[in-house]
Amino acid sequence: MVVEEWRRKKGDAWVAESSKKLLTHHKENHFTAGEIVRDIIIGVSDGLTVPFALAAGLSGADAPSSLILTAGLSEIAAGAISMGPERAAEVGEILAGYGLQPDEYGPVVLALRNNPQAWLDFMMKFELGMEKPEGKRAVESALTISLSYVVGGIVPLLPYMLIPASWKAMLTSIGVTLVALFFFGYVKGFFTGNRPLSSAFQTTLIGALASGAAYGIAIVARAL
């Protein structure tokens, strides 16, 4: 009787320990995959939208395809290398949420930007709700976002590489990029837990409005 009880307790302990290890392993894999997907979403989202709007605006200004391509590639390079000003605005929004006014949180943002270590810690804890990542993970995140930005940015510029007439390239770019935005929005919704179709239409609408605004401003500027 004592032996059977000992075996039962030992068996239960083994099952509990095995389940704990399995759940821990699953959690770690899922968290890592989630981080990678998040980085890709950040990079591709900006990469698709910003160069698309820039190309549309230059097309509205009747710039040649070669100039649009050069400007677009330059923007992709700059955007992939640094997103500092965007991050500064995000920090300001976080502090504004605590009731601080621009003249109050401005010096705080400036101080954080001058201290890279404090800047990283702040962004990790307050924007993303995460602890500071290991050095290797931070490098992987930066590379993933940068490469994703480049991949996303190439999509709206590809027609300008192949079509000399800027207006024809613009029409092709609009069609290709809107399809890409719809597909990306669907995938983003799937991975972020939102309704995929709703996310797809929202992402496409934002991209269309951004490019339409840029094109409209260029047309008005030409008319003046």
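Is Phe201 buried or exposed? Phe201 is exposed, with a relative accessible area of 54%, where exposed means over 50%, buried under 20% and partly exposed in between, with a 1.4 Å probe and protein chains only. The model in which this residue sits is predicted, so local features need pLDDT of at least 70 and side-chain atom pairs count only at pLDDT 80 or more, while totals for chains, interfaces and linings use all residues. Residues are numbered from 1 along each chain as its sequence is written, and side-chain values use heavy atoms, with hydrogens and water left out.

A look at the whole chain comes first. The protein chain holds eight helices and zero strands, with helices (H or I, at least four residues) and strands (E, at least two) taken as DSSP runs numbered from the N terminus. Read from the N terminus, the order of elements is α-α-α-α-α-α-α-α. The chain has 224 residues, and 32% of them count as buried. Its accessible surface comes to about 14,000 Å², with 68% belonging to carbon and sulfur atoms; such areas come from the Shrake-Rupley method with a 1.4 Å probe, and for residues only the protein chains shown count as cover. Of the contacts between residues at least 6 apart in sequence, 68% join residues at least 24 apart, a contact being heavy atoms within 4.5 Å.

Two aromatic pairs turn up in a search of the whole structure. Phe182 and Phe201 form an edge-to-face pair, because their ring centres are 5.2 Å apart and their planes stand at 80°. For this label, rings of Phe, Tyr and Trp (its six-membered ring) pair if their centres lie within 6.5 Å, and planes over 60 degrees apart count as edge-to-face, under 30 as stacked and the rest as tilted. Phe182 belongs to helix H7 (residues 166-192) and Phe201 to helix H8 (residues 196-223), so the pair links distant parts of the chain, 19 residues apart. Phe182 is partly exposed, at a relative accessible area of 30%. Phe190 and Phe191 make an edge-to-face pair as well, with 5.4 Å from centre to centre and 85° between the planes. Phe190 counts as exposed, its relative accessibility being 57%.

The helices H7 and H8 also pack against one another. Two packed helices are described by the angle between their axes and the distance between the axes. For H7 and H8, the angle is about 145° and the axes are 7 Å apart; the axes are lines fitted to C-alpha atoms, for helices over the stretch in contact, and angles run from 0 to 180 degrees between N-to-C directions. Residues making the contact include Met170, Leu178, Phe182 and Phe190 of H7 and Pro196, Phe201, Gly207 and Tyr215 of H8. The contact residues divide into 13 nonpolar, six polar and one charged, with Ala, Val, Leu, Ile, Met, Phe, Trp, Tyr, Cys and Pro counted as nonpolar, Asp, Glu, Lys and Arg as charged, and the others, Gly among them, as polar.

Ser211 lies in H8 and is buried, at a relative accessible area of 8%. Leaving aside neighbours within four places in sequence, Ser211 is in contact with Phe52, Ala53 and Ala56. Ala55, placed in helix H1, is buried at 2% relative accessibility. Ala55 and Tyr215 are 160 residues apart in sequence, with 8.5 Å between their C-alpha atoms. With neighbours within four places again set aside, Ala55 touches Ile68, Leu157 and Tyr160.

Two further residues complete the tour. Most residues other than glycine have a negative phi, and most peptide bonds are trans. Asp62 has a positive phi, near 65°, and lies in the loop between helix H1 (2-60) and helix H2 (65-81). Asp62 is exposed, with a relative accessible area of 51%. Leu162, in helix H6 (residues 135-162), counts as exposed at 64% relative accessibility. Leu162 and Ser65 are 97 residues apart in sequence and 9.1 Å apart from C-alpha to C-alpha.
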